[in-house]
Amino acid sequence: MNKERFVMFVNRIPLNLAIIVLCAIWLLPTLGLFITSFRPQQAVNESGWWMALAATRPGTDEYQTYCGQCHGENYNALPNADLSSPDLIAQYRRSIQLSGTFNREYNGVIHIPEDQHPDAQQTADILDHLRIASGLQESPPRFTFANYKDVLVGYSARGGTYDEVCAADGPSGTRTCDFWTDATAPNAVLRGMINSFIVTVPATFLPIILAGFAAYALSWMDFNGRRVMFAALVGLQIVPLQMVLVPIFRMYTDLGLNGTFLGVWLFHTGFGLPYAIYLIRNFVGRLPADLFESAYLDGANHFTVFRRIVLPLALPAIAALAIFQFLWVWNDLLVALIFLGNNAPVLTYQLSQLVDSLGGGWHRMTAAAFISIAVPLLIFFAFQRFFVRGLLAGSVKG
Amino acid sequence: MRTLMVMRQGRWTPWLYMAPAIIVLVIYVAYPAIRTGLYSFQNNDGTASAAVRCAADQPCWGFLENYRQAFAGQQGQIALRNTAIWLLVMVPGTALFGLLLAVLTDRVRYEALAKAIIFMPMAISFVGAAIIWRFVYNPDPGIGILNALVTALGGESRAWLATDPPGNTLLLTVIGIWIWTGFTMTLLAAALKSIPMEIIEAARVDGANELQLFFRIMLPLLAPTIAVVMTTMTINTLKMFDIVWVMKGIQTDVIATRMVSELYLDRNNGLASAYAIILIVLIIPVTVYNIRRFGVEEAEK
């Protein structure tokens, strides 16, 4: 590296540092969620996600505090009480047995004086620690998929994972311990995911199809009031969603459409249309006129031209639109909350409910949250260019 | 717009093509918007004027009673105050961070990667983002990274989200800035790229330093885009619902969440409609300005 380049490199350090710090700040919250969703419950309770790789065995601190001074770092400082010996530790199966030794005298000395006893939880952690240290027990895995399985089947009880509880106690109450049966129960996240897809896919394609027809008429048909019609339809973008909730809610109550997928599809179609018409018309209106002329001269009617020429050529615009609308509906909470609610809980609704109940702990809530953001993230990284274009152009949507 | 003369169609054909879209738009957007306007002057089931909601020895605004309750009620005032806080923090906040990141990332080779990282929260649902940030703000320094940092620096961990209002709303606006900066950055970066290199080179040759370059050359040229960014963010902020709804803080309501609470939890249709009208009255002038601006830019292209 010559001197000039070195000076330039040094001059650019503040710039690079600023960008890296900002990017780190932006990335950290999501990274924390991602890492936590793969950590076992005990690990989440014991140390922050930033310690995931450094995390030590359970009960390390407790052992140091209560036992380490006499028994030593390597557990074998006292020859008569070698805590690294599996034979010795195997005698203590439960923490109550361990706490029973605290008041005993060994060589005329009380094991642990009354006022220095660890509490029940600490004793249990110390026993776990010793069982691992003596090789009786495997140390718990750093990372696990159990949280994901728990939330997919909607299991939120405290203590133990779905698999552990099913192995120990078997089915009970609404829990059948059959993965697919449990995972399609109303509060299961897998069911929420299915509901999200059921809502999102038609709510993405319906407005695009309707907008396609309207946009074709608005760009390639000749009739009075065409400009006014275009301005009126697109101008409806101005109406915010909140503005129509009350009347539609009442209309749906009268028609019995509250809590139905059809009601939500139609609602999203209504709110997706103005922007969809605007985008597709702009694209279709710019297709070369010769194309249409020769098709018409060949005897094609409007419908054939629309189906055979316009739809295939408008695909780039439709793709950007579809991605935008898909994410808009997938991420929506307000419409799902009001028109579907508990009847068909979608992912965003389930998540908002999980926050209220704390969903059986952070290890599971982070897993549920990550399931809901995984789909948008996948789409984002796969179609970044379309995605950004669609989102920017659609930023003025209602 | 060019129109073909070769192809004649029946008088009704265009309307047949547009009918499905028009029907859905009338039923779902145009008609209900007008209904909401009417509801806002009526009682809760829309059977009489809002005046019947007046309490005996309270001030009464007649058919505007719903609006009086929205403006004078304690809940309504909290919502209005918080909406103002959101606007004051979010709009300049996202614009400043967006500008900073657009200018900084423009100068490095890993521009695309850095931008993707900043933009990523835009893909995530607001609910997902709210959970991510509840985690960050967690009172336990062994769970929440903010408290972990505070305690590592010698401070005391705090229950951040239980901060007294309106402090808790400020903490929520941080989430908003985290989400929307990617959006403002992308718009501003596109505008930055469209500044001709010759202008910048000429300024450099004339001896301008980087700061002068930014304040004297770039900022004036970016001003129209900054205006669009700020108006768009004003609209987005006014509509903000999910973050506040999911975080459920004490007195963190904004107009949009207040409205949904009245509608969904208390079935106060009249009052909820009044909030909706207040919202659109705030939004319309900004939107009109925005559409005009977009129109000007389209015409200039």
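Which residue just after α11(B) takes a positive phi? That residue is B:R267, with a phi of about 55 degrees. Helices such as this one (H or I, at least four residues) and strands (E, at least two) are DSSP runs, numbered from the N terminus. The structure is a predicted model, in which local features need pLDDT of at least 70 and side-chain atom pairs count only at pLDDT 80 or more, while totals for chains, interfaces and linings use all residues. Residues are numbered from 1 along each chain as its sequence is written, and chains are lettered from A and ligands numbered from 1 in the order in which they are written.

Helix α11 of chain B, residues 255–265, is mostly covered, with eight of its 11 residues buried. Here a residue is buried if 20 or more other C-beta atoms lie within 10 Å of its own, exposed if 12 or fewer, and partly exposed in between, with C-beta atoms placed from the backbone. The buried set consists of B:I255, B:A256, B:T257, B:R258, B:M259, B:V260, B:E262 and B:L263.

Chain B as a whole has 12 helices and zero strands. Its radius of gyration, taken over C-alpha atoms, is 24 Å, whereas a compact globule of 301 residues would have one near 19 Å; the globule rule is 2.2 Å times the number of residues to the power 0.38. Along the principal axes, the C-alpha atoms of chain B fill a box of roughly 80 × 75 × 30 Å. Buried residues account for 44% of the 301 residues of chain B.

Turning to chain A, its secondary structure comes to 22 helices and two strands. With a radius of gyration of 31 Å, well over the 21 Å that the globule rule gives for 398 residues, chain A is therefore more spread out than a compact globule. The C-alpha trace of chain A spans about 110 × 75 × 40 Å along its principal axes, and 43% of the 398 residues are buried. Among contacts in chain A between residues at least 6 apart in sequence, 72% join residues at least 24 apart; a contact requires C-beta atoms, placed from the backbone, to lie within 7 Å.

The domain assignment, which is automatic or taken from a database, divides chain A into domain 1 (3–51), domain 2 (60–133) and domain 3 (189–396). The centres of domain 2 and domain 3 of chain A, taken over C-alpha atoms, are separated by 63 Å.

The two chains meet through 79 residues of chain A in contact with 76 residues of chain B. Helix α2 (residues 13–36) of chain A supplies the largest share of the chain A side, 13 residues. By class, that side has 59 nonpolar, 18 polar and two charged residues. In this scheme Ala, Val, Leu, Ile, Met, Phe, Trp, Tyr, Cys and Pro count as nonpolar, Asp, Glu, Lys and Arg as charged, and the others, Gly among them, as polar.

A nonpolar core is a set of buried Ala, Val, Leu, Ile, Met, Phe, Trp, Tyr and Cys residues joined through C-beta atoms within 7 Å. In the largest core, of 174 residues, A:A214, A:I277 and B:A21 touch the most other members. Helix α12 (residues 189–220) of chain A gives the largest share of this core, 16 residues, and at least three residues come from each of domain 1 and domain 3 of chain A. Leaving out residues up to four places away in sequence, A:A214 touches A:L233, A:I277, B:Y17, B:M18 and B:A21. Another core, of nine residues, lies apart from the largest one and includes A:Y63, A:Y75, A:I126 and A:L127.
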